[in-house]
Amino acid sequence: MSDSAERLRRLLLLVPYLAQHPGISVDALAAAMNLSREEVLSDLELLPLVGRPPFTPGDYIDLTVEDDTVTLTLDQRFSRPPRLTAPEAAALAAAAAALDPHEGDGLHRALQKLEQALPPSARGAYKTLASRVTAAGDAGLEDLLRPLAESVVRKRELVIEYLSATSQEPQRRTLQPWRVFSHRGLWYLYALDVDKKAERLFRVDRITRLTPTAERFEPPAKLPQPGEELLPRARKEAEAEPPVLRFGKRVAALALERFPGEASREPDGRVRVTLPGATTEWLVSLALAHAGDVEVLGPAELRALVQAAVRAQLAGYRR
Amino acid sequence: MERTERLLDLVALLLDAQEPVPFAQIREHFPDYAEGSAEAVERKFERDKAELAELGIPLQYRNAEEEHASGYLIDRDAYYLPELHLRAEEWAVLHAAGSAALASGAFPGARDLGHALRKIAFARGQEPVPQFTDQLLIGEVAREDPKLRERLELLWDAVKLRKRVGFSYRGFSQTETLRELDPYGIALRRGVWIVVGHDHLRDALRTFHVSRMGELKPNTKKPRSPDFEVPADFEMARFAQEQAWEHAVHEPIDVELRLDPSLAPIAGRLFPHAQLEDAGTRVRVRVRFVDGLVRQVLALGARVEIVAPESVRARAIELLQALEASFGEAR
C-alpha cells in the first residue's frame, strides 16, 4: 500500500474518532491510534485542507488544536470508520490462529462475526489470505494456549499440573498467570506461584493439565520488559560465573543466528556463547541437543550436570 | 494538491452525493484531474480508484437513468463498518491475540492488524479502547532482529498481492545464493518465521527462514497484477506444523521410541504427528531427517530412548559419546 493510501486509511479512522472524542489531548489521540505524537500532528495538519466542492469556507473540515487538545466539528459523512478490508481481517485471523480457535469457543465466534462483517465480495480473499499466513505453528499446544491466554486476559487464577525437568510426577500449582510468550521456539508462562508466593517461569509444553478458576487477581502494574522474565535469577543475584558454551564450526552460523547478542566468533571459527541467567534445565537440554557440536566451558556445576546427563543417557543405551 | 488530500476530498464528495457524480463534474472540482491529456487523467483517476478499492472503498459507476446522469458514487451502506455484535469475552480474546502479535514487534501484516483492532474498538462505541497489552506475546520478540519487522511486512504484501520477491539467502550450508521466489504463504513455525513458495533457482517448492534473508526486493512492476497463481493443492498449514524430523532429507523410515511414564501425558506434544502406543510410553515416529529426531530425543534426557532401528540408536550413542569426550579435552 502506498504511503498516501496508508495515510488516508489513518485519516478515515482519525476523523470519526475525533468527532466522538471532542477535546481529546494530542497524546491520548496518539495512544488510541497507536501512532507517535509527530505522526498525529502531521495528520492533523492535513485535515483543515480537506473539503468538498465547491470548497467555500464552510465546506472544509472544521478542526481546532488548542492547548494541546483537538476538537473537530462533526462531519456527518465521516461519522464511522470504513469497513474492515480482507487483509485487515486476515491479519487478525493470522494472529488469532496462534491461540487455536475451535468451534464453539469465543475466539472462533469472534472470527465468524469478523468474516460476516466483511463485504461478501471480500470474504473469499479473506479466507485465502488467512489460510496462507498463520501464527499456528505449535502442534500439540492447542488445548493449552487459548485457555492460558483467556486466564491472562481475564485475570483469573488457574491450577496446573506441571512436569518439571526433575520431577517424576506432575506437580500441582495454583498460579496467577501474568504473561504468556514464546521465546526461541518455546512457549512460556510467567506467573505468580500462589502457594510459594514467588514469581516463576513455566514451559507451556510441560503443563499436563490446566484448570481455569473464577478467582480474580490483579497483576503487577508493571511487568518486566518482554524477555527479561527469562532471567529471573540474574535479576535477583549476579551470577559468579555465567554459563559459557562453545559451538563447533559446523553449527557456527546457527549459533550466531540464534544468539545474536550473546555469541562471538573465535579466531578458529568456533563460536562462544555466554548465557547469563539462563535456566539450568534449558542449558542442559541445549547442550544435549547439540551433542557433538558443543562444549560446555563453564561453570563447573553446569559441566557436571551435563556430564551426568550424558552418562545417564548412555547408561540407558548400554543396558 | 497532495495525493492523500485529493483522495480524501474525493471520498467526501462521493459519500455526500445524492446521485451519481459525472466524471466531467469531478474534473471540474479537482484541478489534478484537469491537467494533462485525457489518457493521463484517466490513468490518474484509475489509480486513485484502485487505491481506494484497496482501502475497502469501491467507487461505483452508475449508468444514466431517467432521474440521473451517469457517474460515480460510494454506496454508503457498503462503506461504513457495520455493528459486529461481539460479546465482551469474544472481543477480549480477539483483542488479546491481535495485540499479542503486535506486542512482539514483528508480525506479517502488522499495519493491517493494527487498523483492524482500532476499527473494531471504534465500532464498539464509547467503551474505552483496551490498551495494547504486553501480557501476551505471539512471535519472535523483534529486538533480536530489527529487520524482521520490515521483511515480514514486505512478504505480507507479496503474499497478499501475489508478487514475486528477490533476495539473497544464506542457508545452513552458509553459501549465499540469490533467489527469486513466488511466496505462497508465511507461518510462525516453532517460534521462527518461515516463508514457503516456488523457488525459481531450484524450480521447486522450498521453505526459507525469514531471518536468514538478505535484502528483500519485491517485484514492483505492475503492482496490481499478480505474478503467479498458488497451486490449488497448496496447504500452508502442513508446512507450519512440520517438525524438524519431517524435513524431506531422506526416504521416510519409522523410528520407535520408549518414553518414561512421567513423560507419557505430554508424548503427543513432544512428538506431534506420531503414533502413540501403550498409553504414550511407546511412540512410533515417521522420520525423513534422522538427526532432527535424534537431537529432539537427546534434549529430553534419559527419559526417552530410541529403541529401533539400530542405525538411529547408534547415531544417538555416537553423538552422546562425542559430547562425553568433549569433557576430557582441554578448555
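# A guided look at chains A and B

Guide: Welcome! In this predicted model, chain B is divided into domain 1 (3-79), domain 2 (88-139), domain 3 (157-234) and domain 4 (245-326).

Visitor: How far apart do the C-alpha centres of domain 1 and domain 4 of chain B lie?

Guide: They lie 64 Å apart. Chain A is divided as well, into domain 1 (3-78), domain 2 (86-132), domain 3 (142-230) and domain 4 (244-318). For domain 1 and domain 4 of chain A, the C-alpha centres are 55 Å apart.

Visitor: Why are helix 2 and helix 3 of chain A called roughly perpendicular to each other?

Guide: The axes of helix 2 (residues 26-33) and helix 3 (residues 37-46) of chain A cross at roughly 105 degrees and come within 9 Å. Angles of 65 to 115 degrees count as roughly perpendicular, and therefore these two helices of chain A are described that way.

Visitor: Which residues meet there, in helix 2 and helix 3 of chain A?

Guide: Helix 2 of chain A brings A:V26, A:D27, A:L29, A:A30 and A:M33, while helix 3 of chain A brings A:R37, A:V40 and A:L41. By class, this contact has six nonpolar, no polar and two charged residues.

Visitor: What makes helix 4 and helix 5 of chain A roughly antiparallel?

Guide: Again, look at the angle. The axes of helix 4 (residues 86-96) and helix 5 (residues 106-116) of chain A cross at roughly 170 degrees, coming within 11 Å. Angles over 145 degrees count as roughly antiparallel, so that is the name for helix 4 and helix 5 of chain A. Their contact is made by A:A89, A:L92, A:A93 and A:A96 of helix 4 and by A:L107, A:L111, A:L114 and A:E115 of helix 5. These residues divide into seven nonpolar, no polar and one charged.

Visitor: How do you know that strand 6 of chain A and strand 3 of chain B pair?

Guide: Pairing needs at least two bridges. Strand 6 (residues 171-183) of chain A and strand 3 (residues 136-137) of chain B have two bridges, in the parallel sense, so they qualify as a pair. In strand 3 of chain B, B:L137 stands opposite A:F181.

Visitor: How many residues does the contact take from chain B and from chain A?

Guide: It takes 100 residues from chain B and 102 residues from chain A. On the side of chain B that touches chain A, helix 6 (residues 88-103) of chain B gives the most, with 11 residues. That side of chain B divides into 56 nonpolar, 20 polar and 24 charged residues.

Note on methods
Residues numbered from 1 in each chain as written. Chains lettered and ligands numbered in written order. Predicted model: local features only at pLDDT ≥ 70, side-chain atom pairs only at ≥ 80, totals over all residues. Axes fitted to C-alpha atoms, helices over the stretch in contact; angles between N-to-C directions. Helix = DSSP H or I, 4+ residues; strand = E, 2+ residues; numbered from the N terminus. Parallel < 35°, antiparallel > 145°, perpendicular 65-115°, else oblique. Contact = placed C-beta atoms within 7 Å. Nonpolar A, V, L, I, M, F, W, Y, C, P; charged D, E, K, R; others polar. Domains from an automatic or database assignment.
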